[in-house]
Amino acid sequence: MQCAVIDIGSNSMRLTVYDAEKTVFKILFKEKIMAGLAGYVENGMLSHEGIECACQGLIEFKERLRLLNIQNVSVFATASLRNISNTQEALLQIYSATGFSLEVISGKDEAFYGYTGAMLDLSLSDGIFVDIGGASTEIASFAEGRLMESESYPIGSLRLYEDCVKNILPGKGSRERMKKRIEAELGHCKISSCGSSLACVGGTARAVLKLGRRRYHLPDSCRTLSTEQLESLYDDLCRGDRRAAELILKIAPERIHTLLPGMSILCFIAQNTKVSQMTVSKYGVREGFLCQRVQTQL
């Protein structure tokens, strides 16, 4: 059966179309819109312009689905609508404009779906799971192939950029502000390492892996960077020279402003959990949602 899952995140909106059976699936089509909804939050509320931006993205996705004749569609939102005070108002306006009824998933559910999706791809039994989004970061520990504990924190790459960075790339002052903000939000994190690896999903992790492959001349099949490589790459990019900007523009141009804030969160987690490497999954929260909520109904 062909079906689609739409994920409305704080930085990007993503559509994935699958050919799914009870226990297996194949990705047929993917599309991404860098909506940056976290940038439309004012005084804790998603602005009218932000709601319109979400509606426009969904209308574009709806047209793609119409052309593909996909009728089984699930739509969920994460911190983009979870961490605002006018969630119900936004949901009603989005439904009125697009016909899509959205489910806003909790931070713990987001961590669970993300972990589930990652483990469909990675052969890891113990470690720390991390998903750095635009406005939230989910961290979980897992041992013997089982999720142990998880938390969602209201800090992400786009929110950190909006709050701490004045220019496109963060200078010394911006990096100090980011460091203080990350320590304030994540310094009390009590999730302890169950292994030597970070299992990572999300756009920040995928972009970091691509940059790492280029920087260290690794093959496209490589899915892992050591903690030393991660930190060295971050230090190189933080020099703020033209080469750093050019490298990001070549590899992940849509993340020119959010990559370093996201990397700073990733480095903090890696240092504080004392892991030795990060491994990036090709699957994530949408595949976990598909597995747990869609395929179980087939």
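Biologist: Which residue stands opposite Thr224 in β13?

Modeller: First, the general idea: strands of a sheet pair through backbone hydrogen bonds, either parallel or antiparallel. Here, in this predicted model, Thr224 faces Thr279 of β13. The two strands, β12 and β13, pair in the antiparallel sense over 3 bridges.

Biologist: And what is the strand order of the sheet with 6 strands?

Modeller: Read across the open sheet, the order is β10-β9-β8-β11-β13-β12, and the pairing is mixed. β10 (146-153) and β12 are the edge strands with a single partner each, so one side of each has no neighbour in the sheet. Direction ignored, neighbouring strands are turned by 20° against each other on average.

Biologist: Which strands does α7 lie across?

Modeller: α7 lies across β8 (127-132), β11 (197-201), β12 and β13, and runs at about 110° to β13.

Biologist: Let's stay in the sheet for a residue. Where is Ser141, and is Ser141 buried or exposed?

Modeller: Ser141 sits in strand β9, residues 137-143. Its relative accessibility is 1%, and the cut-off for buried is under 20%, so Ser141 counts as buried. Leave aside the neighbours within four places in sequence, and Ser141 is in contact with Gly127, Ile128, Arg146, Leu147, Met148, Glu149, Ile191, Ser192 and Cys194.

Biologist: Now hairpins. How many residues join β1 to β2?

Modeller: The hairpin from β1 to β2 goes through 4 residues. Strand β1 (residues 2-8) pairs with β2 in the antiparallel sense over 7 bridges, and Asp7 stands opposite Arg14 in β2.

Biologist: What happens on the way from β2 to β3?

Modeller: β2 and β3 also form a hairpin, with 4 residues between them. Their antiparallel pairing runs over 8 bridges, with β3 covering residues 25-33. To find your way along this pair, take Tyr18: its bridge partner in β3 is Ile27.

Biologist: How many residues of β2 are buried?

Modeller: In β2 (residues 13-20), 7 of the 8 residues are buried, so to speak a mostly covered strand.

Biologist: At what angle do α5 and α10 pack?

Modeller: Helix α5 (residues 157-164) packs against helix α10 (residues 259-273) at about 110°, with the axes 8 Å apart. Angles of 65 to 115 degrees count as roughly perpendicular, and α5 and α10 are therefore described that way. The crossing of α5 past α10 is right-handed.

Biologist: Which residues make the contact?

Modeller: From α5 come Ser157, Leu160 and Tyr161, and from α10 come Pro261, Gly262, Ser264 and Ile265. By type, the contact of α5 with α10 divides into 4 nonpolar, 3 polar and no charged residues.

Biologist: How far apart in space are Asn69 and Arg181?

Modeller: C-alpha to C-alpha, Asn69 and Arg181 are 46 Å apart, and 112 residues separate them in sequence. Asn69 belongs to the loop between α1 (48-68) and β6 (73-77), and at 56% relative accessibility Asn69 counts as exposed.

Conventions:
Residues are numbered from 1 along each chain as its sequence is written. This is a predicted model: local features need pLDDT of at least 70, side-chain atom pairs count only at pLDDT 80 or more; totals for chains, interfaces and linings use all residues. Side-chain values use heavy atoms; hydrogens and water are left out. Axes are lines fitted to C-alpha atoms, for helices over the stretch in contact, and angles run from 0 to 180 degrees between N-to-C directions. Angles under 35 degrees count as roughly parallel, over 145 as roughly antiparallel, 65 to 115 as roughly perpendicular and the rest as oblique. A crossing is left-handed if the near helix is turned anticlockwise from the far one by less than a right angle, and right-handed if clockwise. Contact means heavy atoms within 4.5 Å. Ala, Val, Leu, Ile, Met, Phe, Trp, Tyr, Cys and Pro count as nonpolar, Asp, Glu, Lys and Arg as charged, and the others, Gly among them, as polar. Buried means under 20% relative accessible area, exposed over 50%, partly exposed in between (1.4 Å probe, protein chains only). Two strands pair if DSSP finds at least two bridges between them.
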